[in-house]
Amino acid sequence: MNKSNTLVFLNRIVQSRLKIELKGIEQELPTYLVNENEKSELIDFIQSNNLSFNEIITLFLALTPHISPNFFNILIQEYLPEGGEFPEFGGVKGKNHRGIIPTGETVLYILAGNDIEKRIEVSKLFDESHLFARKNVLYLEPVETGEPKMSGRLILEEEYVELFTTGKISHPKLGADFPAQLISTKLEWSDLVLSEKALSEISEIETWLRYNDSLLNDWEMHGKIKPGYRVLFHGPPGTGKTMTACLLGKYTNRDVFRVDLSTVISKYIGETEKNLSNLFDKAANKEWILFFDEADSIFGKRTNVRDAHDKYANQEVSYLLQRIESHAGLVILASNMKSNIDTSFTRRFNSFIEFENPGTEERLRLWNNYLPPKATLDERISLKEIAKNYEITGANIVNIVQYACLKTLEKKSAIIGYDDLMKGIQKEYSKEGKMMRQE
């Protein structure tokens with residue numbers, strides 16, 4: 001159903017209700033029928049979620065102000081040409097939007113009229129257990145204390161507004177309201193050099209990503225196993241933790257968001273929980289992978305309570321535990337040291353995967369992987385010897401290769417020089433405060 005057809009059908013529904021209630025004309029509300037030849041994101045959503053008539057109309061009501069600002073004003077004016085109050089219909093005006101924005105009262109009136117029992121039944125569309133709430137589709141805006149809940153504005157989540165009007169959803173941008181950034185990689189699984197044990201454990205995550213829905217739904221395991229999957233990647237920097245998260249997303253068609261802990265953690269009481277709440281609320285019911293890099297800073301061991309600040313810091317950890325454990329997707333925590341993570345977290349992990357510093361064979365594979373395929377090496381360069389003699393990580397090797405290649409291009413040469421490569425290795429050693437053995 002395209003946007004024009006949506007408005008035409010909703011117009012018939014509202015007109016029918018107004019004739020029933022205001023003119024006493026007995027009639028049934030028009031039936032909604034899906035045109036099998038018409039395709040859109042809106043129709044896909046209706047069909048895939050098997051929405052009822054009441055749910056479809058509620059969805060249309062929430063969407064309408066975004067595609068036809070004056071829709072409800074025109075209908076009301078037809079029945080109240082001289083103006084006046086129409087409290088039964090509900091609806092409010094926004095700060096900038098001058099048309100009528102439907103409220104919960106609007107939904108009750110259009111779907112149930114003045115039938116009290118039907119209104120009570122329709123109001124269940126806004127229960128926390130309803131699909132609209134569970135999938136963060138739409139909700140009623142909270143109202144002032146003492147005012148009826150149903151007088152709250154009917155809000156369609158921004159992502160669904162975008163999906164139903166443009167056919168796609170933009171990725172959220174890193175900011176105060178969303179403390180995470182989309183990350184990806186152009187590398188392949190063959191570029192990931194890890195131990196056989198680590199690769200085997202990573203394949204278990206990939207299996208969960210591919211088959212969890214079947215396990216929960218087809219095998220009816222809902223309620224018997226916890227939602228989501230929680231993994232700890234631990235090991236030295238530069239050993240492939242971020243790359244692995246990106247590859248898991250790439251090969252299972254999922255977006256990977258790296259959580260920016262600097263924007264999550266706040267010195268102001270309550271702000272950290274608010275920032276995390278925004279993140280998990282946004283990620284709910286999406287097939288995202290959440291990657292908490294350097295997780296020690298917020299998921300570390302709880303402190304002894306010496307003052308109010310320590311007490312609140314521990315409360316934040318408890319809040320995180322609860323949100324991570326209830327999140328239905330994949331959450332990856334990355335730490336340089338497993339011992340830095342609070343044991344109350346470790347009990348809740350499905351898997352621990354150690355990312356070790358590469359050995360000689362792994363380093364040789366990394367050198368061969370990251371050097372340009374067409375690169376010609378100085379005859380003095382022996383990758384086997386370099387891999388044997390210099391204990392560095394994959395991230396170090398990438399930096400060294402980049403440095404040596406740029407120096408080669410600067411010299412307008414086609415051969416990567418021995419001195420440039422060794423200088424690159426020396427720079428990496430110096431960055432980490434290590435002494436380089438002279439050959």
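**Notes on helix H10 and the overall fold**

1. H10 covers residues 241-251, and eight of its eleven residues are buried. Helices here are DSSP runs of H or I with at least four residues, and strands are E runs of at least two, numbered from the N terminus.

2. A word on the source: this is a predicted model, in which local features need pLDDT of at least 70, side-chain atom pairs count only at pLDDT 80 or more, and totals for chains, interfaces and linings use all residues. Residues are numbered from 1 along each chain as its sequence is written, and side-chain values use heavy atoms, leaving out hydrogens and water.

3. The structure contains zero disulfides (pairs of cysteine sulfur atoms within 2.5 Å).

4. Just past the end of H10, do look at Asn253, which has a positive phi of about 55 degrees.

5. Turning to the whole protein, you will find 19 helices and twelve strands. Of its 439 residues, 46% count as buried.

6. On overall shape, the radius of gyration is 29 Å, whereas a compact globule of 439 residues would have one near 22 Å (taken over C-alpha atoms; the globule rule is 2.2 Å times the number of residues to the power 0.38). The C-alpha trace spans about 100 × 55 × 45 Å along its principal axes.

Technical notes: Buried < 20%, exposed > 50% of the residue type's maximum accessible area, 1.4 Å probe, protein only.
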